[in-house]
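Me: I've just loaded this one and would like to go through it with you. Let's take it bit by bit.

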Amino acid sequence: SSKWEHYQETFLSVVSETIFNGEGECIFFSEKICKPLYNLHPFILMSTPYSLKKLKEFGFKTFHPFIDESYDVEENPLNRMKLIFQELDKIQNKTHDELKKWWSEIIPTLKHNQNIFFKMGNVKTKKMKLLESFCE
């Protein structure tokens, strides 16, 4: 959901991308990752290996050290899933005050990510430019 109210009720999004078992070269981002970026929400990304690395290459920031992101470099899908669940367990065991403190510390990262997301939306691809040229 893109409703802001849903994001206010949680401390973290678990983004389950379309592809999980693919090789590291098969990185695919859908609208699913856009929602927490747009809504200023931290996330754990359940996707193919090196997806967080690719997001960083696009200019986004992630949430290490609060979240151990070593799952991103694990190529074995079962082991990657185990690492993700371990992180979710750690977060679940945090106190409400610990989570609020973390949130206050990552606000600059959340704003940065939203700004990058908006900037990317303003960049015209070659295909968009070509289509616009037909309308001139």
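Me: What do the buried residues of H4 pack against?
Reply: Strand S1 (13-16), strand S2 (43-46) and helix H5 (96-122). Contact here means heavy atoms within 4.5 Å, while helices (H or I, at least four residues) and strands (E, at least two) are DSSP runs, numbered from the N terminus. Mind that this is a predicted model: local features need pLDDT of at least 70 and side-chain atom pairs count only at pLDDT 80 or more, whereas totals for chains, interfaces and linings use all residues. Residues are numbered from 1 along each chain as its sequence is written, and side-chain values use heavy atoms, with hydrogens and water left out.

Me: Which residues of H4 are buried?
Reply: Arg 80, Ile 84, Glu 87, Leu 88 and Ile 91. Buried means under 20% relative accessible area, exposed over 50%, and partly exposed in between (1.4 Å probe, protein chains only).

Me: And why do they end up on the same side of H4?
Reply: They cover an arc of only 100 degrees around the axis, which puts them on the same side; the arc is that of the directions from the helix axis to the C-beta atoms. An α-helix has 3.6 residues a turn, so residues three or four places apart point the same way. On the other side of H4, Leu 78 and Gln 92 are exposed.

Me: How far apart are the end C-alpha atoms of H4?
Reply: They are 22 Å apart, which agrees with the 22 Å that its 16 residues (77-92) should span at 1.5 Å a residue. The expected span is 1.5 Å times one less than the number of residues.

Me: Switching to the core: how many residues does the largest nonpolar one have?
Reply: It has 25, and those with the most contacts inside it are Phe 43, Ile 44, Leu 45, Ile 67 and Trp 102. A nonpolar core is a set of buried Ala, Val, Leu, Ile, Met, Phe, Trp, Tyr and Cys residues joined through side-chain atoms within 4.5 Å. The largest share of this core, six residues, comes from H5.

Me: What does Ile 44 touch?
Reply: Not counting residues up to four places away in sequence, its contacts include Val 14, Ile 67, Tyr 71, Ile 84, Leu 88 and Ile 91.

Me: Now the rings. How many aromatic pairs are there?
Reply: Seven, with rings of Phe, Tyr and Trp (its six-membered ring) pairing if their centres lie within 6.5 Å; planes under 30 degrees apart count as stacked, over 60 as edge-to-face and the rest as tilted. Tyr 38 and Phe 117 have ring centres 6.4 Å apart and planes at 70 degrees, so that pair is edge-to-face. Tyr 38 lies in helix H2 and Phe 117 in helix H5, so the pair ties together parts 79 residues apart in sequence.

Me: Which residues do ring pairs link into a cluster?
Reply: Phe 43, Phe 63, Phe 66 and Trp 102. The rings of Phe 43 and Phe 63 have centres 5.2 Å apart and planes at 90 degrees, so they are edge-to-face. Both Phe 43 and Phe 63 are buried.

Me: Where is Leu 40?
Reply: In the loop between H2 and S2. Leu 40 has a positive phi of about 55 degrees although it is not a glycine. Tyr 50, in the loop between S2 and H3, has a positive phi of about 75 degrees.
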